[in-house]
Amino acid sequence: MATDPGFAAELHPGSVDTPSDGASGASGWMRRCIALARRGAGHVSPNPMVGAVLVDAHGEILAEGWHAKYGEAHAEARAIHTAIDTHGPDALRRATLYVNLEPCSHHGKTPPCSNLIVDVGIPRVVVGTVDPYPEVAGRGIERMRAHGIDVTVGVEQDACKRLNEAFFHHVTTGRPLVTLKIAQTLDGRIATTTGHSQWISGAESRTQVHRWRAELDGVLVGSGTAAADDPRLTVRHVDGLQPHRIVLDRTGTLSPELHLFTDGHTASTVAVVGAERAAPAYAETLTAQGGQVVRIPETLDDHLDLQALLTHLGAPDGPVARPLQSLLVEAGPGLATALFQQDLVDRFFCFIAPKVVGTGMPSLHDLGIRRMDNALTFADQQWTSVGEDLLFKGYMRSV
């Protein structure tokens, strides 16, 4: 089995060498766009990851670009300006631009890329997929076609959509894409009978989790995991930005001595409590250091309303500076089961370690499934190896 290529990797990886002309060539160039786009993972949210390749009439690359950081130049603009600086403006009048997502048509942090493409005279554009964002949503394609540009849409479309699944999901639902991560033994245990769990998975798998933390907007744990493991939920072992850290503490009784409330990253901690009666001992210190305590409604059976929480985290006026589009949930069995029961898991990433402990803490509680033909299944799935562990990536929804 192949080694796991990373959170934002293509579902259908292939060669990104200079492809031959024709349909297979377009697919090859689009896969190259996807590979370039992935370089922005963890740095561009809430924007999508975008890569662009400019190719001349002979199939030679004129320039490449990718969206590297939120607020900075988009992929198309970077590729175009590089091509002009290197080859002069006339080279663009015989070029084809490949880009994995529809060029924007509105003024945001930067000017519209579709206008720039028209202005420099690029005659042909190949787009991986349409941008679902309401202010774009086909308008960029329409604008280019209205100016005589030959626009092809839908090359490697599934891979392009999967790459930006968090962006697509957030635009259509207003909630962050939820990736549930579990590390378990061969017999489905996440801890021994004493609660000991460090470490089930190997060093390579744990490094992979840090990579995911660096690429996603937030990491969430329940109160049980926070109390038992005292996790930091920070990015270590790899380079990358620190995610927002969300901890569920319905009753507000977690210890104020936990790393989440005392380490050097407390400004990124959001503690989620329930009813007004919850009065966490860490509240004053946490908020003084830039963290937040957020109150979320409770359900009739005295649980936090997880759907309300996700909607709040994804809202423009949510608890952090920008809406959260993606969330890594490192859950114990209670929270994991609740997310599955409420159909709030979008991706299930499960490390399976070559270990057996017998009786211990299960990865999930009862889901109420009594027949095998009612078992949860996946629209897409992958098995890869990470060190000595197996990693299952299950995608609950089709692209």
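This is a selection-by-selection tour of a predicted model.

**The sheet**

Start with the open sheet of 9 strands, whose pairing is mixed. Colour the strands in the order β11-β10-β9-β8-β12-β6-β13-β16-β15 to walk across the sheet. At its edges are β11 (292–295) and β15 (380–386), each of which pairs on one side only. On average, neighbouring strands here are turned by 20° against each other, with direction ignored.

Zoom in on β15 and its partner β16 (residues 389–395). These two strands pair in the antiparallel sense, over 7 bridges. Select S385 to find L390 of β16 standing opposite.

Is V329 buried or exposed? With a relative accessible area of 2%, V329 is buried; the cut-off for that class is under 20%. Leaving aside residues up to four places away in sequence, V329 touches V178, T179, L180, K181, L220, L335 and L339. For a distance across the model, pick R371 as well: its C-alpha is 27 Å from that of V329, and the two residues are 42 apart in sequence.

Keep α3 (residues 113–120) and bring in α4 (residues 139–146). The axes of α3 and α4 come within 9 Å and cross at roughly 15°, so this pair too is roughly parallel. Which hand does the crossing of α3 and α4 have? The crossing is right-handed. From α3, S114, N115, I117 and V118 make the contact, and from α4, G140, R143 and M144. The residues in this contact divide into 3 nonpolar, 3 polar and 1 charged.

**Helix α6**

Select α6 (residues 165–173). Among its residues, E165, A166, F167, F168, H169 and H170 are buried. Step just past the end of α6 to G174, where phi is positive, at about 80°.

**Backbone stops in the loops**

Most peptide bonds are trans, and most residues other than glycine have a negative phi. The remaining stops depart from this.

- The bond from S45 to P46 is cis, with omega near 10°. P46 sits in the loop between α1 (23–37) and β1 (51–55).
- The bond from Q198 to W199 is also cis, with omega near 5°. Look for W199 in the loop between β7 (189–192) and α7 (203–215).
- A137 has a positive phi, near 40°. This residue is in the loop between β4 (124–129) and α4, and at 40% relative accessibility A137 counts as partly exposed.
- H237 has a positive phi of about 70° and is not a glycine. H237 belongs to the loop between α8 (223–229) and β9 and, at 62% relative accessibility, counts as exposed.

Note on methods:
Residues are numbered from 1 along each chain as its sequence is written. This is a predicted model: local features need pLDDT of at least 70, side-chain atom pairs count only at pLDDT 80 or more; totals for chains, interfaces and linings use all residues. Side-chain values use heavy atoms; hydrogens and water are left out. Axes are lines fitted to C-alpha atoms, for helices over the stretch in contact, and angles run from 0 to 180 degrees between N-to-C directions. Helices (H or I, at least four residues) and strands (E, at least two) are DSSP runs, numbered from the N terminus. Angles under 35 degrees count as roughly parallel, over 145 as roughly antiparallel, 65 to 115 as roughly perpendicular and the rest as oblique. A crossing is left-handed if the near helix is turned anticlockwise from the far one by less than a right angle, and right-handed if clockwise. Contact means heavy atoms within 4.5 Å. Ala, Val, Leu, Ile, Met, Phe, Trp, Tyr, Cys and Pro count as nonpolar, Asp, Glu, Lys and Arg as charged, and the others, Gly among them, as polar. Buried means under 20% relative accessible area, exposed over 50%, partly exposed in between (1.4 Å probe, protein chains only). Two strands pair if DSSP finds at least two bridges between them.
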